[in-house]
Amino acid sequence: MSSVEEFRAEIRAWLADHLVGEFAELRGRGGPGREHEAFEGRLAWERHMAAHGWTCVGWPVEHGGRGASLEEQIAFHEEYALADAPARVNHIGEQLLGPTLIAFGTEEQKKRFLPPIVAVGELWCQGYSEPDAGSDLANVRTRGALSPDGSQWVVDGQKIWTSLAHEAQWCFVVARTESGSRRHAGLSYLLVPLDQPGVEVRPIVQLTGTSEFNEVFFDGARTDASHVVGDPGDGWRIAMATLGFERGVSTLGQQVGFRREWDGLAALARRNGAIADPLIRDRLVQAWIDLEAMAASARRGVDPSVGKLHWAAWHRGLGELAMDVCGAASTLAAGEPYELDDWQRLFLFSRADTIYAGSDEIQKNIVAERLLGLPKEARV
């Protein structure tokens, strides 16, 4: 048995032994559009994982991880999804900020912030988008300035679409710290505590009737002067590196979740007779083919922007197909006042798939300009 197969067998056995009792009730809970589900239970589960050394498996051992190889990380995420284990609550800290600090942080920052991420003691959110700077991140207006004595950064501005900010204790914030700077210049990557005067978090109600992302307002919020990752003014480079980590190996587990959704929809089509419709049948087959191609591309290490374009369009299309499989019943709420079934929730939330984590338009520009070498889009 190879080391990867041994690693896969180890995590599979551990999940079988530990996803029991009260934790068994968490199977399949949470995830995009369902982050409100059993949040405290999922937090307890992830802290249980941490106590047994199953968080941050891809991090270097010296920073609290297992030093797992790429193939072992793939095995971990696949087995976790196959076990129908609950959606992770610490994804932003573990998969985004942690790798960023390991690559660019000071030794003091690593000692301060990495252990609580490994232990799931502090949760993080991502302060990038703003009302006038969504996909156009370089247009951010949130400001950061050093206090007169130089001991703290003072932050003023607004962030939006901030996932899980209402549950997080910290936010990594892209702020303009050089007066008069424009676009990519003059930005800094600041680590800001949320539990302080000068920070207000306002949940945004989604189409699903739930709230998992927020507006965050900074009005004189403060953080230590040492809590800047990289040099002041170098925030664009750090922020882009974080986005690269965001679209990394953990997305392979996502493919297993997609397969489970397809399997469930195909089973529903057989039960309710929709499979007799040749158009429905053809769309189900095409969705399966596209899913196989997507999984194969992910394993080859397809460019993150190409991968994002592929899975976002596929998942949104699956939501549309689900409504057609369900038929007229899809237009009725399952209960009062606005209770949705899983397929309705999939359809409504997947409308955002081509927008969040980098809109389709931005991803296409990245592919055109950086991969294909085409002329850059004209800007006013």
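1. In this predicted model, glutamine 126 has phenylalanine 172, in strand 4, as its bridge partner. Strand 1 (residues 124-127) and strand 4 run parallel and are joined by four bridges.

2. Strand 4 also pairs with strand 5 (residues 187-193), here in the antiparallel sense and over seven bridges. Cysteine 171 has valine 192 of strand 5 as its bridge partner.

3. Strand 4 spans residues 170-176 and is mostly covered, with seven of its seven residues buried. In a regular strand, side chains alternate between the two faces of the sheet. Both faces of strand 4 are covered: one side carries Trp170, Phe172, Val174 and Arg176, and the other Cys171, Val173 and Ala175.

4. Does the length of helix 11 agree with its residue count, or disagree? Helix 11 (residues 360-371) has twelve residues and should span 16 Å at 1.5 Å a residue; its end C-alpha atoms are 15 Å apart, so the two agree. Just after helix 11, glycine 373 takes a positive phi of about 70°.

5. The buried residues of helix 11 are Asp360, Gln363, Ile366, Val367 and Ala368. Helix 9 is included in what covers them.

6. Valine 306 lies in helix 9, which covers residues 304-326. Together with Val302, Leu371, Leu372 and Leu374, Val306 forms a nonpolar patch on the surface, with about 400 Å² of accessible area together.

How values were computed: Residues numbered from 1 in each chain as written. Predicted model: local features only at pLDDT ≥ 70, side-chain atom pairs only at ≥ 80, totals over all residues. Heavy atoms only, no water. Patch = residues over 30% accessible without salt bridge, like charges linked within 9 Å, V, L, I, M, F, W, Y side chains within 5 Å. Areas by Shrake-Rupley, 256 points an atom, 1.4 Å probe, with all protein chains shown as cover. Salt bridge = Lys/Arg side-chain N within 4 Å of Asp/Glu carboxyl O. Helix = DSSP H or I, 4+ residues; strand = E, 2+ residues; numbered from the N terminus. Buried < 20%, exposed > 50% of the residue type's maximum accessible area, 1.4 Å probe, protein only. Pairing = 2+ DSSP bridges. Expected span 1.5 Å × (residues − 1). Contact = heavy atoms within 4.5 Å.
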